[in-house]
Amino acid sequence: MSNFNESRRRFLKQTGLGVAGLTALPTLAKAMEGMGMGGMHNRHSAEMEMPKLTPTKASPNFHPDVEIDLFCKPASIPILDGSKTSVLQYTAKLVKGSKDTITDIPNSFLGSIIRLQKGQKVRINLHNGLSVPTITHWHGLHVPQNMDGHPMYSIDSGEVRVYEFEVMNRASMNIYHSHQHSATAKQFYLGLGGAIIVNDAEEAALELPSGEFEIPLVIQDKQFDSDNQLVYSPMMHSKMTGFVGDKILVNGIANFGLDVSSRAYRFRVMNGSTSRIYKLAWDDGMPVTVIGVDGGLLEQPEVKPYVMLAPGERLDVWADFSGRNEGSSITLKSLAFAGVLPKMGMMGMHKGEIPVGSEYPICTIRVKHKVSESHKLPMQLAKIKRHEISDTANPNNPLPIGISEAPMAMLINGRPYEFNNPLPSERVKMGSVQLIEIFHAHGGDMKGMKMDNNANEHEKHESGGEMKRGGMGMMGGGMMDLSMAHPIHLHGQSFEIASRSFSGDSTAYDTVREGFIDSGLKDTVLIMPMERIKIIKPFQDFKGLFLYHCHNLEHEDMGMMREFSVE
Ligand code: C2O
Ligand code: CU
Ligand code: CU
């Protein structure tokens, strides 16, 4: 069993390995000193409180190709007719680098689009212009622990934190967003999110549609009050299921529409909602052609009747409008589906809310110009460095990510989030490739998890098998099935999906099962109730604490988050 001193030693050792960790070390040691150590500790107390570190400064030995000042501050933007809406906003200013690094989306609260090249050395100076602490995470990028925006690196109002890293990812669309501890959902929802697009030579050689023919579509849902102000007030029910809005915004714009020419386009789609899951399809039955996912291009395009897109996931969609007439239009919709929410009925729904799993439009595309030239869809896209299960360090003993749901307690491996207190199964060797199994841990299904004497009441209850499949809970006097879908996100390197299996009554599952793209590199994967997913994830290059969590951000903020300690 880990004790405080051991964890502390381990932690200091890890953070000492990064450049910035070295400068932060004295402060960190002091912070941890002051935390009342010694004697027995209780795993579930504040024993491993998040330290407050001195913001990292620029390193004189780092010579950036690109340098960006990234500000986050309150702003006021017209979104709906009438009053402007108060938001929080990222704005990027180029200090060094080529002009196409930064693109602002006009009239949008969404952060500037940041475009980077693989191999570039990047410095980003994060300026906290909010009245509260914040920290920014580069979701999808493979960067050292101390550059990853772990909430321990949060900065106060007025402070500046310097990030320095090399872009190691292949071409892909990534996300930058707030990762402020227990306020990620709120800060992202109020506007602190944006897209980072990485380009590389392999992608460039494909000559995919670019410039005005490559269009980001960041899909979010928001709730507005009668004065057009954003409402974010998750109550008991909406913390469990996720907070959902009454309006769908694309790129921060309500009733988003797009004028196109009759040719091929590349849509870079991101789900930037806190909890809403979409089932994307074209309204006229045109299949959805997917050329990439979270971690970049697929090897070959996949053609689907519809595609599921959960919070944190991205899709690279090829849409060819050639042959369509001037004046015609096509709508990107979310189709009806079932099975992602607990069976709690309409309880707690607010007025106007667009129900998750109902059918609604997302954006309308109008063909403005008839043209004859177009790009052709390449049948071979990019190479993916693949691993077999037999290449992993633990082919017969996957590391567990066991999800359990209970009223107000969304847990992973039977535990809420704990700073720097990894379970044995959460300690992995740097350089290894691990097999990981994501599953619903109910009843006696807590496979691979060792309970210790500190196990809390909830765990004893669950592992004792008294609670049956589905994480039954008492609410409002009745028993209900709380199992639901969770988009599980792992920081660090992308992973491959090795298998997905489902058992049970598939009536609801049948409404989503054709919508998963498992052939590409991922950093977020949606697990449906009664599903088990095996993934293969490398833990290369960097030691330290790397978060993994549910990207239903209400769940994340409730503590459905853990850390891998890469050692
Ligand atoms: Cu997109 Cu840890 O988050
Ligand atoms: Cu992330
Ligand atoms: Cu979740």
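The legends below describe close-up views of a predicted model.

In this predicted model, local features need pLDDT of at least 70 and side-chain atom pairs count only at pLDDT 80 or more, while totals for chains, interfaces and linings use all residues. Residues are numbered from 1 along each chain as its sequence is written, chains are lettered from A and ligands numbered from 1 in the order in which they are written, and side-chain values use heavy atoms, with hydrogens and water left out.

**View 1. The copper ion (ligand 3) and its protein donors.** His-486 (ND1), Cys-550 (SG) and His-555 (ND1) are the protein donors of this copper ion, lying 2.0 to 2.1 Å from it; donors are N, O and S atoms within 2.8 Å of the metal (3.2 Å for Na, K and Ca), and water is not among the atoms, so sites may look incomplete. Along the sequence, the donor residues follow the spacing H-x63-C-x4-H. Both Cys-550 and His-555 are buried, where buried means under 20% relative accessible area, exposed over 50% and partly exposed in between (1.4 Å probe, protein chains only).

View 2. His-137 and His-489 are both buried.

**View 3. An open sheet of five strands.** The strands follow the order β24-β23-β26-β32-β30, and their pairing is mixed; two strands pair if DSSP finds at least two bridges between them. Because β24 (409-412) and β30 (496-502) stand at the edges, each with a single partner strand, one side of each is left without a neighbour in the sheet.

**View 4. Strand β21 and its pairing with β16 and β22.** Strand β21 (residues 329-334) is mostly covered, as five of its six residues are buried. Three bridges join β21 to strand β16 (residues 278-282) in the antiparallel sense, and the bridge partner of Trp-282 in β21 is Leu-332. Strand β22 (residues 360-369) also runs antiparallel to β21, joined to it by six bridges, and here Ser-334 has Tyr-360 in β22 as its bridge partner.

Technical notes
Helices (H or I, at least four residues) and strands (E, at least two) are DSSP runs, numbered from the N terminus.
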